[in-house]
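Subject: Model for you to look over

Hello,

Please find the structure below. Have it open while you read my notes.

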Amino acid sequence: MRNYFLLLFLIVISSSIQAQETAMSASEINSFKEKVIATAKTTKTIKTDFVQYKHLVFLADDVKTSGKMVFKAPNLVKWEYTNPYKYSVIFKEDQLLINDGGTKSKVDIGNSKLFKKLNQLIVNSVKGNMFNDADFTVYFFKSLKYNKAVFVPKDKKIAGYIASFELLFNKDDAQVYEVKMVEPSQDFTQIIFSDRVLNNTVNDSIFSN
Amino acid sequence: MIRFLAISFLSIFGLASCSLKTTEGLRQVHFNKVEVENPYFSNSEIDYVYKAKIEVYGKNFGGILILKKIGPENHRVVFTTEFGSKLFDFEFEGDTFTKHFIAEDLDKKFIVNILKDDFKLLVNESAEVLAVYESKNERIYKTQSDERFNFYFLEDRSEKLKKIINTTKTKEKLEIDFISSEDNIADIIAIKHNNIKLTIDLEKFKKE
């Protein structure tokens, strides 16, 4: 009797896991990609709040930071952390403009291929449109709540830093609402967006230090 | 005259380099304390998380420093960027040092050695006392660390650890200052090197 319940329990658990997430079919992938690309094309600006969780296996709690993100097409991005500290970074051409609680600095990323790649990932993941990136193999999944694209790096050097990069998209408007970067150690960084405002006027002046 | 000046200059220089600034003018006293303790990373139930600002030869960069006691003698020390990417992940167990991860650009022997020594001293919980000195409102405990010495400065009344200075026989090499408002929690930590232009400032994450 006890075994019967255990079996039943396992069946319920495994079927509920299956119900949660399945791989997309080829045609689903195509229509999903089209939708994301179409959305990215009409997205001129994004303003959104975000919460970031850094998960390390040995910690009792994830390290939580939060702030605001602003994007302006084609490639201006500002991440502004406001809690528990003030720190902002602007991605502008081949430079990072950093304001670390009042200490301003500039980092040239033109020479570092790896850094450039990581930054490109951050910029593109905001838009969601990075399916044509030759450096990654992309896998697609769906659930009742979201569509998911998992990017696995082909380049060994990048793979030393990132095991996979996951983007979760809203089913209705094909906007990215969660970014997760999984490290080879399985520790990860998760960024969850909320209160997103699309296509409002964003002044260029906010992208200067 | 020139010779006289040269001799006096040399002798002053020679004398100065023989005595250690750390204990200058201090009175050595008898002691009954066998070990001196650093309590700031000793609670295995606490995730110690700090915003870090590093200045090295005029260049600034920042990140998040995470320290955790993960065993009776084990500490994990992880440094990430503000975005969460790991820059290094070290483990200290007594004298055993494990490099779980380090970003390629930082993986140079002299950088790793500096980081290893700094953070080993920071998380080390207790050390055997060699001598004790007294100042107006502090007791200073001298301990051995390989070829060098560490001086632990404890405030008289509160017995709070305020500062650690790492020295050779004649020179101060490294200073760690602690500001603590709560028991056994360091809110602000400043690590400063004297022989290289490197400072690490740490500010503990505020509770939500």
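My notes on the model follow.

This is a predicted model: local features need pLDDT of at least 70, side-chain atom pairs count only at pLDDT 80 or more, and totals for chains, interfaces and linings use all residues. Residues are numbered from 1 along each chain as its sequence is written, while chains are lettered from A and ligands numbered from 1 in the order in which they are written.

Confidence and make-up of chain A

The average pLDDT of chain A is 85, and 82% of the residues score at least 70. (pLDDT is the predictor's confidence in each residue, from 0 to 100.) Confidence in chain A is lowest in helix H1 (residues 2-20), with a mean of 56. It is highest in S2(A), at 96.

Chain A has four helices and 12 strands. Both are DSSP runs numbered from the N terminus: helices are H or I with at least four residues, strands are E with at least two. Of the 209 residues in chain A, 24% are buried. Buried means that 20 or more other C-beta atoms lie within 10 Å of the residue's own; exposed means 12 or fewer, and partly exposed is in between, with C-beta atoms placed from the backbone.

The sheet in chain A

The 12 strands form an open sheet with antiparallel pairing. The order is S1-S8-S9-S10-S11-S12-S2-S3-S4-S5-S6-S7. Strand S1 (22-23) and S7 of chain A stand at the edges with a single partner strand each, so one side of each has no neighbour in the sheet. Two strands pair if DSSP finds at least two bridges between them.

S5 (residues 87-92) and S6 (residues 95-100) of chain A pair in the antiparallel sense over six bridges. A:Lys92 has A:Gln95 in S6(A) as its bridge partner. A:Glu93 lies in the loop between S5 and S6 of chain A. Its phi is positive, near 50°, and it is not a glycine. A:Glu93 counts as exposed because it has 9 C-beta neighbours inside 10 Å.

Two cis peptide bonds in chain A

One joins A:Ala73 and A:Pro74, with omega about 5°. A:Pro74 sits in the loop between strand S3 (63-72) and strand S4 (76-83) of chain A. Another joins A:Asn83 and A:Pro84, with omega about 0°. A:Pro84 is in the loop between S4 and S5 of chain A.

Hairpins and a loop in chain B

S8 (residues 126-134) and S9 (residues 138-145) of chain B run antiparallel, joined by five bridges. They form a hairpin with three residues between them. B:Val132 has B:Tyr141 as its bridge partner in S9(B). Eight bridges then join S9(B) to S10 (residues 148-155) of chain B, also antiparallel. In the hairpin of S9(B) and S10(B), B:Asp146 takes a positive phi near 50°.

B:Tyr57 has a positive phi too, near 45°. It is found in the loop between strand S3 (48-56) and strand S4 (59-71) of chain B. B:Tyr57 is exposed, with 7 other C-beta atoms within 10 Å.

Where the chains meet

Chain A gives 19 residues to the contact and chain B gives 21. Contact means C-beta atoms, placed from the backbone, within 7 Å. On the chain A side, strand S2 (45-55) and strand S7 (103-108) are the elements that give two or more residues.

Best wishes

Terms used:
Contact = placed C-beta atoms within 7 Å.
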